[in-house]
Amino acid sequence: RGSGLRGGFIQSTIEALLRLEMRKWLMLVQEMDLLPQIYGVDFSSFLLQTFTGTVTISAQSRGLALLSEYARLLSDPSRNQMKEYLEHGARFTWPKICMIRNHYLLERTLDDCEHELRFRLSA
């Protein structure tokens, strides 16, 4: 209790190892050009990209509907589709603005503390 890691140390370590192992095999499959194209889209670069940023908003769909949504996102969207994506994103984001703001402020405070600590240690 109170370990600060999701699921405890052992579970989070196993999760991290499984993620690394999946990434390794996906890279091998991509390198050998074995991943089939779905809806004419090569998902290997999508699956292997490095996600950065403070907020990630994803579709609420599940299963095959989610896969279909990602395929639509990777294709060249029409103006109406783009408008629909923006409206759905706004509707999904606004209820979470306070939480996003709090997480951002906490992250910024921790960054400021880290910079101050590094400055004091280097002096």
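How many salt bridges does a search of the whole structure find? The search finds 3 salt bridges, a salt bridge being a side-chain nitrogen of Lys or Arg within 4 Å of a carboxyl oxygen of Asp or Glu.

## Basis of the model

This is a predicted model, in which local features need pLDDT of at least 70 and side-chain atom pairs count only at pLDDT 80 or more, while totals for chains, interfaces and linings use all residues. Residues are numbered from 1 along each chain as its sequence is written, and side-chain values use heavy atoms, with hydrogens and water left out.

## Overall make-up

The chain has 5 helices and 0 strands, and its elements run α-α-α-α-α from the N terminus on. Helices (H or I, at least four residues) and strands (E, at least two) are DSSP runs, numbered from the N terminus.

Of the 123 residues in the chain, 7% are buried. Buried means under 20% relative accessible area, exposed means over 50%, and partly exposed lies in between (1.4 Å probe, protein chains only). The accessible surface of the chain is about 11,000 Å², and carbon and sulfur atoms account for 60% of that surface. Accessible areas come from the Shrake-Rupley method with a 1.4 Å probe; for residues, only the protein chains shown count as cover. Among contacts (heavy atoms within 4.5 Å) between residues at least 6 apart in sequence, 42% join residues at least 24 apart.

Side chains of opposite charge can pair when their charged atoms come close. Because Glu21 and Lys24 are 3 residues apart in helix H1, about one helical turn separates them. Glu21 counts as partly exposed because its relative accessibility is 37%, and Lys24 is also partly exposed, at 43%.

Glu114 and Arg118 form a salt bridge in which the closest N and O atoms are 3.0 Å apart. Both residues lie in helix H5 (residues 97-122), with 4 residues, or about one turn of the helix, between their positions. Glu114 is partly exposed, with a relative accessible area of 36%, whereas Arg118 is exposed at 55%.

Glu116 and Arg120 form another salt bridge, with 2.9 Å between the closest N and O atoms. Since Glu116 and Arg120 are 4 residues apart in helix H5, they are separated by about one helical turn. Glu116 has 37% relative accessibility and counts as partly exposed; Arg120, at 59%, counts as exposed.

## Nonpolar surface patch

Phe9, Ile10, Ile14 and Leu18 form a nonpolar patch on the surface, and their accessible area together is about 440 Å². Patches are made of residues with over 30% relative accessible area and no salt bridge; like charges are joined within 9 Å, and nonpolar side chains (Val, Leu, Ile, Met, Phe, Trp, Tyr) within 5 Å. Leu18 belongs to helix H1 (residues 8-31), and Leu18 counts as exposed because its relative accessibility is 53%.

## Cysteines

A disulfide is a covalent bond between the sulfur atoms of two cysteines. With the cut-off set as a pair of cysteine sulfur atoms within 2.5 Å, a search of the whole structure finds 0 disulfides. Cys98 counts as exposed, at 60% relative accessibility, while Cys113 is partly exposed, at 47%.

## Local details

Most residues other than glycine have a negative phi, and most peptide bonds are trans. Asp33 is not a glycine, yet its phi is positive, at about 55 degrees. Asp33 is placed in the loop between H1 and helix H2 (44-48), and Asp33 counts as exposed, with 64% relative accessibility.

Leu67 lies in helix H3 (residues 63-74) and is partly exposed at 32% relative accessibility. In sequence Leu67 and Ile38 are 29 residues apart; in space their C-alpha atoms are 9.2 Å apart. Thr93, in helix H4 (residues 79-93), counts as buried because its relative accessibility is 19%. A polar atom of the Thr93 side chain lies 2.6 Å from the backbone oxygen of Gly89.

Methods
Polar contact = N/O pair within 3.5 Å; in protein donor to acceptor, adjacent residues only side chain to side chain.
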